[in-house]
Amino acid sequence: MALELYWGSGSPYSWRVLLALEYKGVPYESHVLQFSKQEHKSPQMLRMNPRGRVPVLKDGDFVVFESLACLLYLDRKYPEHPLFGTTPEEAATIMRVICEYQAYAEGHVTQIVSAVFLDQLDENAEEVTRAMHLAAGEARTIEGRLSKSDWLVGEQVSAADMVVFPGIMLLLRAMEKREAGDLRSRFLPMETTYPAIARWIRRVEQLPGYERTYPPHWRDGAPRG
């Protein structure tokens, strides 16, 4: 029986798991949920994840949610093309980079993206400016890491890349919006502002099955630095 993935277009957390499934070549049945119809909070979904959030990965009778838990499950069950390295040292480094992103960047990215998409930049100007400053600092850290290596940890793609990539792509999409105004100059054009990150984005886009992971509703006007 194939795995089943319940996900939503544009969810960076869902995107992480899609990238992992495609990279590992694991067959899966895709269930795209419509956020506008609250399908992620349907009785069926709430039985699998009482929090009513995606992604949800179902393997027979076993259900796992929260994107990092999904990545770890996939890596343990399908060890070929490892996501968390092959040594304790690599696993620890990959998890450290993921934790750094979650602790020091992800919240600021979410704040910026939400303000842009909800057209609340003016009323939250001070908070967004601070978030932009902090996010830019973390982007410089990522830029420095990628200037020395093709991937965030070592010479192979890992869970760290799959966690960070969707967040950066979501931020870039927000910066392409008219509502972003002058904020976009902090990140765009990527080839000039963060050239190592721009090259890394192109490498991720060349991963197996990448096109199948791309958010369907982003097909028009996809962000490009």
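What follows is a tour of a predicted model, going from a lysine to a pair of packed helices and then to several loops.

**A lysine at the end of a helix**

Begin by selecting Lys 24, which lies in helix α1, a helix made of residues 12-24. Is Lys 24 buried or exposed? With a relative accessible area of 9%, Lys 24 is buried, because the cut-off for that word is under 20%. Now show the side chain of Lys 24 together with Glu 80, and you will find that this side chain reaches the backbone oxygen of Glu 80 at 3.0 Å. If you widen the selection to the contacts of Lys 24, leaving aside its neighbours within four places in sequence, you will pick up Leu 74, Asp 75, Tyr 78, Pro 79, Glu 80, His 81, Pro 82 and Leu 83.

**Two packed helices**

Next, select helix α5, residues 125-146, and helix α8, residues 195-205, which pack at an angle of about 70° with their axes 8 Å apart. The two helices, α5 and α8, are therefore roughly perpendicular to each other, and their crossing is left-handed. To see what makes the contact, show Ala 139, Ile 142, Glu 143 and Leu 146 on the α5 side, and Pro 195, Ala 196, Ile 197 and Trp 200 on the α8 side.

**Two cis peptide bonds**

Most peptide bonds are trans, and most residues other than glycine have a negative phi; the remaining stops may be read with that in mind. Select Val 54 and Pro 55, where the peptide bond from the one to the other is cis, with omega near 10°; Pro 55 is in the loop between α2 (43-48) and β3 (56-59). Then move to Leu 188 and Pro 189, which are joined by a cis peptide bond with omega near -5°, Pro 189 being found in the loop between α6 (159-176) and α7 (190-193).

**Two residues with positive phi**

Select Glu 66, located in the loop between β4 (62-65) and α3 (67-77), and note its phi near 75°, a positive value in a residue other than glycine. Glu 66 counts as partly exposed, at 43% relative accessibility. Finish at Asp 119, in the loop between α4 (88-117) and α5, where phi is near 55°, again a positive value in a residue other than glycine. At 54% relative accessibility, Asp 119 counts as exposed.

Notes. Residues numbered from 1 in each chain as written. Predicted model: local features only at pLDDT ≥ 70, side-chain atom pairs only at ≥ 80, totals over all residues. Heavy atoms only, no water. Helix = DSSP H or I, 4+ residues; strand = E, 2+ residues; numbered from the N terminus. Buried < 20%, exposed > 50% of the residue type's maximum accessible area, 1.4 Å probe, protein only. Polar contact = N/O pair within 3.5 Å; in protein donor to acceptor, adjacent residues only side chain to side chain. Contact = heavy atoms within 4.5 Å. Axes fitted to C-alpha atoms, helices over the stretch in contact; angles between N-to-C directions. Parallel < 35°, antiparallel > 145°, perpendicular 65-115°, else oblique. Left-handed = near helix turned anticlockwise from the far one by under 90°.
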